[in-house]
Amino acid sequence: QGPLGSAPVTSLLSLAVTSEQIEHLHRRFKQLSQDQLTIRKENFDSIPDLEFNPIRGKIVHAFFDKRNLRQESDGLADEINFEDFLTIMSYFRPIEMNMDEEQLDRFRKEKLKFLFHMYDSDHDGKITLQEYRNVVEELLSGNPHLEKESARSIADGAMMEAASICVGQMGPDQVYEGITFEDFLKMWQGIDIETKMHVRFLNVDTIAHCY
Amino acid sequence: IPSVSSIVPESCLLIVVGLLVGGLIKGVGEKPPILKSDIFFLFLLPPIILDAGYFLPLRQFTENLGTILIFAVVGTLWNAFFLGGLMYAVCQLGGPGLNHIGLLANLLFGSIISAVDPVAVLAVFEEIHINELLHILVFGESLLNDAVTVVLYHLFEEFATFEQVTIIDIILGFLSFFVVSLGGVLVGVIYGVITAFTSRFTSHIRVIEPLFVFLYSYMAYLSAELFHLSGIMALIAAGVVMRPYVEANISHKSHTTIKYFLKMWSSVSETLIFIFLGVSTVAGHHYWNWTFVISTLFFCLVARVLGVLVLTWFINKFRIVKLTPKDQFIIAYGGLRGAIAFSLGYLLDYKHFGMRDMFLTAIITVIFFTVFVQGMTIRPLVDLLAVKKKQETKHSINEEIHTQFLDHLLTGIEDICGHYGHHHWKDKLNRFNKKYVKKCLIAGERSKEPQLIAFYHKMEMKQAIELVESGGIGKIPSAVSTVSIQNINPKTLPLERVLPALSKDKEEEIRKILRTNLQKTRQRLRSYNRHTLVADPYEEAWNQMLLRRQKARQLEQKMNNYLTVPAHRLDSPTMSRARIGSDPLAYEPKGDSENLPIITIDPASPQSPESVDLMSEEPKGCSGLPPSPEEDEEGLVMRVKEPSSPGTDDVFTPGTGDSPSNQRMLRCLSDPGPRPEPEEEGEPFIPKGQ
């Protein structure tokens, strides 16, 4: 069977990833899955460099998040096949020169939605204070000597700032539930995510090894 | 009517001033001074480069390093040879006046004139606020092409004295490029590390910290220039390497000092350079040859445009974010020449280069053309082409969190893909930095501080200082939002929030800063007091207040040590401000305060610690503090009288305390107050400062 297995070719072509890149990714997929057709969470443990990453939990989780896999249902998948793998990878493709305004805007929203899902771990469409705290704690998890309170207060400060950006002035009785996707978009307004969030997978030669 | 400064960039005006000054001096009969090369290279150029290097936006620089290097190295080489070759052809065809100029001389001339000048680029690009990518591309190119210029210049200068140039010489010349550039960088790195290491031990003598930065940087420059290595690259490397470690070690005041000194020196240097250029134009001997000058100018422009076009086509194959034709135009148009070219030309020796005057004339013409014509027209062109301008992003903690998150995410994805890309190596470098380098070069606890925490502290500090400084104006800083912790987490008690543990030095610093500002504004307040203090009938009430305050101050002593307790009770200025902001009506007159005169505390808005005046003992609302005796004082409590006189800024509409449970503004973070001295001075209202 070819690299695409039984997956329909048309859906993959819409991802605008070149065939060379698909080849490379497929080779990588086979490495990770140890020649199986699907990958499970445990397969990601075999990547040595990922251990140092403070947010590896969230990254691996993102691969199995059904919302990212463009499936209708919610929750986590147990295993993903190559098509799903490519779907996730397509969130990281770079912008093309010939995109118009509308495409660019959609592109940007897609990427931000992926990020949003990573922050919003309970899938309720809002990033609550507890989830944000969780994010900051994970970011600082490489420093075991830090107290937990530090992470919490940073997250609190950030949340307050987010609230003031998104809602403006708030009276003492109003409660800010959490960051919705629209608020999230507002926060990212100044940053060009479409130029930042991309990964090159053009190089066929550099293939990192697994255990 | 547009003002002059919006049309004409500063550099042009300065050159005109120089021309006038030179003309004046000449008119008087004196000989005007010329910009001597050693003055330029030794004294005028280093401050500008150090300023650029120390504040280089490292992130964008490294992301675009490949592009910048290609433009700097290949672009400059192309310019030099193309121009040199063409000028040689022109000379051959140019008639008897030019025939004697050999190929080498022309190549030398080409190498002098082809380098994009950092001073000119800075001067013009600073004013047009172009987007960061283009700015760093042109600016980075102007910095890094120094190595190429140095090599070519010395090479051709040497060769011109040789009888014959062999292949070996050329190959050696090619190798010397690597020596010059990498050697320069190495020298810079070494000095940068030495500076960082030195700053680790300066915690007891803060005053000389800026001195080390300037001294070692200058030594890096001189050392590199001594060995004919690239001084500019050494200086940039030193600045870039030392900055993160030095900033972690030095005090806030030293940081401000360094910043302001660098800006000041570089401004002065830039001004002097341009003025001198004008004066030198008037003073110098000129030899005007129409053919030579016009063809130089023309070919300079052509070479630049062609070079940019070809190189961009090549670079775009490897870039993810491609350079659009608009970008290319700006890059080509931004290739300004400046004083470095002039000084290099001035260095030429008459013996070997008899046509030096002609060269100088041509160089000056090109400089004038690029600075005046291109400098003046680039701003309207940028607007016309709708080139993206610089986005004013305010540095926020959210942005920092997101950026770090994104970095880790992309590194993770790269690892999963199996591709060792940009992020992977950056991550490796960061880990190496954290594990080994930071421990050596950063003093004490801060070596283990992760970047997020350091950033957070920096922001808190900045906000605290802004708050304190703006307190005297009586305006609300626009950044204050009314969002408080209650808004996002209704279940928390007001004082539950804690701050990451500040080190003792930082606390001491914050305290000191607040104390000095407190003092300043107390003095100011004193003057207000004399004018508005209503006299006698209230003296008694005053005395009561004074007595109570004295007692409170004694209790304060006890509270002194609470700042050193593991930061649990520490409240950050942001928090206090947030709470203040959310409760602007937090002051209400106490029971007996009706008897007290209404003092116009005009500048002291409720947000500033300067409006510390009375200390009351009601401990309500401070549930988080350690259990202390009943009259326990929570440090300086702000009570602001309602501003009564009509002239005051009625910033906060005073109202009765509708806030729950007598909220008041806490200034736990501020210093424990002035040393308690006896009240006999009779300064009625304000506790005597130190």
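## Exercises on a predicted model

In this predicted model, 84% of the chain B contacts between residues at least 6 apart in sequence join residues at least 24 apart. Keep that in mind as you work through chain B.

**Exercise 1.** Work out how H5(A) and H17(B) are oriented to each other.

*Solution.* Start with the axes: helix H5 (residues 101–119) of chain A and helix H17 (residues 397–417) of chain B come within 12 Å and cross at roughly 95 degrees. Next, the cut-off: angles of 65 to 115 degrees count as roughly perpendicular. So H5(A) and H17(B) are roughly perpendicular to each other.

**Exercise 2.** Find which residues meet where H5(A) and H17(B) touch, then sort them by class.

*Solution.* From H5(A), take Phe114(A), Leu115(A), Met118(A) and Tyr119(A). Their partners in H17(B) are Ile401(B), His402(B), Phe405(B), Leu406(B) and Leu409(B). Sorted by class, this contact of H5(A) with H17(B) has eight nonpolar residues, one polar and no charged ones.

**Exercise 3.** Track down the residues that touch the most other members of the largest nonpolar core, and say which helix gives this core its largest share.

*Solution.* The core has 118 residues, and Phe40(B), Leu45(B), Phe125(B) and Phe292(B) touch the most other members. Its largest share, 14 residues, comes from helix H8 (residues 132–161) of chain B. Now zoom in on Phe125(B): leaving aside residues up to four places away in sequence, its contacts include Leu134(B), Val138(B), Ile330(B) and Ile378(B). There's also a second, separate core of 70 residues, with Tyr119(A) among them.

**Exercise 4.** Describe chain B as a whole: its helices and strands, and how much of it is buried.

*Solution.* Count 23 helices and two strands in chain B. Then check burial: 55% of its 690 residues are buried. Finally, chain B exposes about 30,400 Å², with carbon and sulfur atoms supplying 65% of it.

Terms used:
Residues numbered from 1 in each chain as written. Chains lettered and ligands numbered in written order. Predicted model: local features only at pLDDT ≥ 70, side-chain atom pairs only at ≥ 80, totals over all residues. Heavy atoms only, no water. Axes fitted to C-alpha atoms, helices over the stretch in contact; angles between N-to-C directions. Helix = DSSP H or I, 4+ residues; strand = E, 2+ residues; numbered from the N terminus. Parallel < 35°, antiparallel > 145°, perpendicular 65-115°, else oblique. Contact = heavy atoms within 4.5 Å. Nonpolar A, V, L, I, M, F, W, Y, C, P; charged D, E, K, R; others polar. Buried < 20%, exposed > 50% of the residue type's maximum accessible area, 1.4 Å probe, protein only. Areas by Shrake-Rupley, 256 points an atom, 1.4 Å probe, with all protein chains shown as cover. Core = buried A, V, L, I, M, F, W, Y, C linked by side-chain atoms within 4.5 Å.
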